[in-house]
Amino acid sequence: MEIVICKTKKEASRKAADMIAKLVKENPKCVLGLATGSTPVEMYDCLAKDVKAKKISFKNVKSWNLDEYYGLAPTHDQSYRYFMNENFFDKIDIKKSNTHVLNGLAKDWRKECAAYEAQIKKAGGIDLQVLGIGSDGHIAFNEPGSSLASRTRIVYLTPQTIKDNARFFKKASDVPVSALSMGVGTICEAKKVVLLAFGKNKADAVKGMVEGGMSQFCTASALQAHNDAWVFCDEEAASKLKLKKFYAWRSEIEMKG
Ligand code: PGA
């Protein structure tokens, strides 16, 4: 795992966007795995600026999102489909038909999740997966206790995640208690992973992911076994890392290569 520690969220977002932009330039037909949450918004804005400046194009890019609240329609303003349209897809030149988000209204969630996995496989797998991290160390909605081999399925949200996400809803009881989510195993199959983490609220999760044991109690720690995983964080999110100076020095060398 490479840990890129930046002074600000702005700088980290730009660096992560550059990594994605490089891939899109090299492989205009690449397959991206995308994430929601407040963390990647600035990075999406950077990419939208690149599209506007005609530096890159998403015309032939395909995307699959990590997760969706179960029970929310794609038109619901807190659904992740709605979020992606608002924060990214409507600002770039991607074809909507090339973007995929799990259907939160699927009656048969097993069928929906199996079809999603099959679509990703048919597209050749995910070239680059964008991730945030929950304050409990989750990636996508793989809460503590999720198998590190898990696949796309229905999942249940912890009280901590419901509390964290309540800020987007009128009240905590409006937050859905379940979701459809790619599994840890699904995520780890991506060829490259770019995880973003900002703020002191993420410091414990980042510590667990990077320097804790690999454990289903902190599902992001599964990335320790990935051979091309990049963490872009600010100094607050990195503040609890024992070897932060070493990671910062090493990542500067690795970024050049
Ligand atoms: P956040 O969520 O970006 O809104 O902090 C991250 C996550 O839960 O994965």
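## A walk through the predicted model

Leaving aside neighbours within four places in sequence, isoleucine 187 is in contact with Leu66, Gln129, Leu131, Ile139, Ala140, Asn142, Met182 and Val193. Keep in mind as you follow along that this is a predicted model. Isoleucine 187 belongs to helix H6, which covers residues 184–188. Its relative accessibility is 0%, so isoleucine 187 counts as buried.

Let us move on to histidine 100, which sits in strand S5, residues 99–100. Is histidine 100 buried or exposed? Its relative accessibility comes to 18%, and because buried means under 20%, histidine 100 counts as buried. A polar atom of the histidine 100 side chain lies 3.3 Å from the backbone oxygen of asparagine 98. Beyond the neighbours within four places in sequence, histidine 100 is in contact with Ser63, Trp64, Asn65, Arg81, Tyr116 and Gln119.

Next come the charged side chains. The model has a count of 14 salt bridges, and a few of them are worth a visit. One of them joins the side chains of arginine 250 and glutamate 2, with an N to O distance of 3.4 Å. Arginine 250 lies in helix H8 (residues 244–256) and glutamate 2 in strand S1 (residues 2–6), so this pair ties together parts that are 248 residues apart in sequence. Arginine 250 counts as partly exposed at 22% relative accessibility, while glutamate 2 counts as buried at 12%.

Another salt bridge links lysine 192 and aspartate 228, whose closest N and O atoms are 3.1 Å apart. Here lysine 192 lies in strand S9 (residues 192–197), and aspartate 228 is in the loop between helix H7 (203–211) and strand S10 (229–234), so the pair ties together parts that are 36 residues apart in sequence. Aspartate 228 has a relative accessibility of 23% and counts as partly exposed.

The side chains of aspartate 90 and lysine 96 also meet in a salt bridge, at 2.7 Å from N to O. Lysine 96 is partly exposed, with 39% relative accessibility.

What about the cysteines? How many disulfides does a search of the whole structure find? The search finds zero.

Tryptophan 249 has its place in helix H8, the helix in which arginine 250 lies. With a relative accessibility of 54%, tryptophan 249 counts as exposed, whereas arginine 250 counts as partly exposed.

Key: Residues are numbered from 1 along each chain as its sequence is written. This is a predicted model: local features need pLDDT of at least 70, side-chain atom pairs count only at pLDDT 80 or more; totals for chains, interfaces and linings use all residues. Side-chain values use heavy atoms; hydrogens and water are left out. Helices (H or I, at least four residues) and strands (E, at least two) are DSSP runs, numbered from the N terminus. Buried means under 20% relative accessible area, exposed over 50%, partly exposed in between (1.4 Å probe, protein chains only). A polar contact is a pair of N or O atoms within 3.5 Å; within protein, one must be able to donate a hydrogen and the other to accept it, and residues adjacent in sequence count only if both atoms are side-chain atoms. Contact means heavy atoms within 4.5 Å. A salt bridge is a side-chain nitrogen of Lys or Arg within 4 Å of a carboxyl oxygen of Asp or Glu. A disulfide is a pair of cysteine sulfur atoms within 2.5 Å.
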